[in-house]
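Hi,

Here is the structure I promised to pass on to you. Have a look at it first, and then read on for what turned up.

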Amino acid sequence: FSPTDKTLLARLFDPLTEGMQRLMPLVYRNLEATDAPLVPVLRGYYRFTWMKNQQLFAHTAEALRVLHQAGVDTMLIKGLPMALTYY
């Protein structure tokens with residue numbers, strides 16, 4: 001394979017399940033200090049995932065702000081609070 005192949009990402013990641021795709025940023029973080037040939041490809045996927053998460057966090061914060069201003073008590077459970085607290 002060639003890291004400059006334009007179809008490489010699709011060929012690598014499309015066959016993966018959603019759960020497996022969610023692990024790819026962690027795979028990148030574990031390999032980033034190595035000279036593994038997939039590191040540049042995984043770096044791009046890591047950055048894309050980081051950007052999408054930042055957008056999700058911003059939209060969630062805005063929704064919570066609106067709900068709190070309206071006097072609606074909220075409680076976040078599972079993924080987002082865990083990510084903000086532990087990751």
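A search of the whole structure, which is a predicted model, finds one aromatic pair. The partners are Tyr28 and Tyr46, with 5.0 Å centre to centre and 40 degrees between the planes. That makes the pair tilted, because stacked planes would be under 30 degrees apart and edge-to-face ones over 60. The pair links distant parts of the chain: Tyr28 belongs to helix H2 and Tyr46 to helix H3 (residues 39-69), 18 residues apart.

Tyr46 has 23%, so it counts as partly exposed; the cut-off for buried is under 20%.

Helix H2 (residues 18-31) also holds Leu23. With 48% relative accessibility, Leu23 counts as partly exposed. Together with Leu26, Val27 and Leu31, Leu23 makes a nonpolar surface patch of about 310 Å².

Now for the protein as a whole. Four helices and zero strands are present, and the order from the N terminus is α-α-α-α. Of the 87 residues, 14% are buried. Among contacts with a separation of 6 or more, 36% are between residues 24 or more positions apart.

Best wishes

Definitions and conventions. Residues numbered from 1 in each chain as written. Predicted model: local features only at pLDDT ≥ 70, side-chain atom pairs only at ≥ 80, totals over all residues. Heavy atoms only, no water. Patch = residues over 30% accessible without salt bridge, like charges linked within 9 Å, V, L, I, M, F, W, Y side chains within 5 Å. Areas by Shrake-Rupley, 256 points an atom, 1.4 Å probe, with all protein chains shown as cover. Salt bridge = Lys/Arg side-chain N within 4 Å of Asp/Glu carboxyl O. Helix = DSSP H or I, 4+ residues; strand = E, 2+ residues; numbered from the N terminus. Buried < 20%, exposed > 50% of the residue type's maximum accessible area, 1.4 Å probe, protein only. Contact = heavy atoms within 4.5 Å. Phe/Tyr/Trp six-rings, centres within 6.5 Å; stacked < 30°, edge-to-face > 60°.
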